[in-house]
Amino acid sequence: MLKITIRKSAFAGTRLVYKGDTLIATISGEKPNRANLRAGHWGIAWVTGRFDWFDSYSEARDCALKG
C-alpha cells in the first residue's frame, strides 16, 4: 500500500497531496485574518475532477489523508 503525503507548494496556502509519487489532489485555501475572523475556507481539488469544501485545514487534511 502506498503512503499518502502532503507537501507544501511554492504558492501560499496550497498543499500537494501525493500517493507514493503520484499527485492525487491539491489542498488550497485561506487562513482567517482580521478582515475575516471566522474559519478559513479550504478545498480539495482531486485529479478525478471532484472538489470538496471544508471549514478548516485540519478537516481538509484528514480527508486527503484517507485518499
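Over the ring of which residue does the charged end of Arg15 sit? Here are some notes on this predicted model, starting with that point.

1. The ring is that of Tyr57: the charged end of Arg15 sits over it, 5.2 Å from its centre. Another arginine to look at is Arg7, which lies over the face of Tyr18 at 4.2 Å from the ring centre.

2. Now the fold around these side chains. Five strands form an open sheet in the order E1-E2-E3-E4-E5, with antiparallel pairing. Strand E1 (4–8) and strand E5 (51–54) are the edge strands, each pairing on one side only. From one strand to the next, the twist averages 20°.

3. Strand E2 (residues 14–19) and strand E3 (residues 22–29) run antiparallel and are joined by six bridges. Tyr18 stands opposite Leu23 in E3.

4. Thr5 has its place in strand E1. Beyond its neighbours within four places in sequence, Thr5 is in contact with Leu16, Val17 and Tyr18. Thr5 and Val17 are twelve residues apart in sequence, yet their C-alpha atoms are 5.8 Å apart in space. With a relative accessible area of 23%, Thr5 counts as partly exposed, because buried means under 20%.

5. Finally, the aromatics: the structure holds two aromatic pairs. In one of them, the ring centres of Phe51 and Trp53 are 5.0 Å apart and the planes are at 65°, so the pair is edge-to-face. Phe51 is partly exposed, with a relative accessible area of 39%, whereas Trp53 is exposed, at 60%.

Conventions: Residues are numbered from 1 along each chain as its sequence is written. This is a predicted model: local features need pLDDT of at least 70, side-chain atom pairs count only at pLDDT 80 or more; totals for chains, interfaces and linings use all residues. Side-chain values use heavy atoms; hydrogens and water are left out. Two strands pair if DSSP finds at least two bridges between them. Helices (H or I, at least four residues) and strands (E, at least two) are DSSP runs, numbered from the N terminus. Axes are lines fitted to C-alpha atoms, for helices over the stretch in contact, and angles run from 0 to 180 degrees between N-to-C directions. Buried means under 20% relative accessible area, exposed over 50%, partly exposed in between (1.4 Å probe, protein chains only). Contact means heavy atoms within 4.5 Å. Rings of Phe, Tyr and Trp (its six-membered ring) pair if their centres lie within 6.5 Å; planes under 30 degrees apart count as stacked, over 60 as edge-to-face and the rest as tilted. A charge sits over a ring if NZ of Lys or CZ of Arg is within 6 Å of the ring centre and within 35 degrees of the ring normal.
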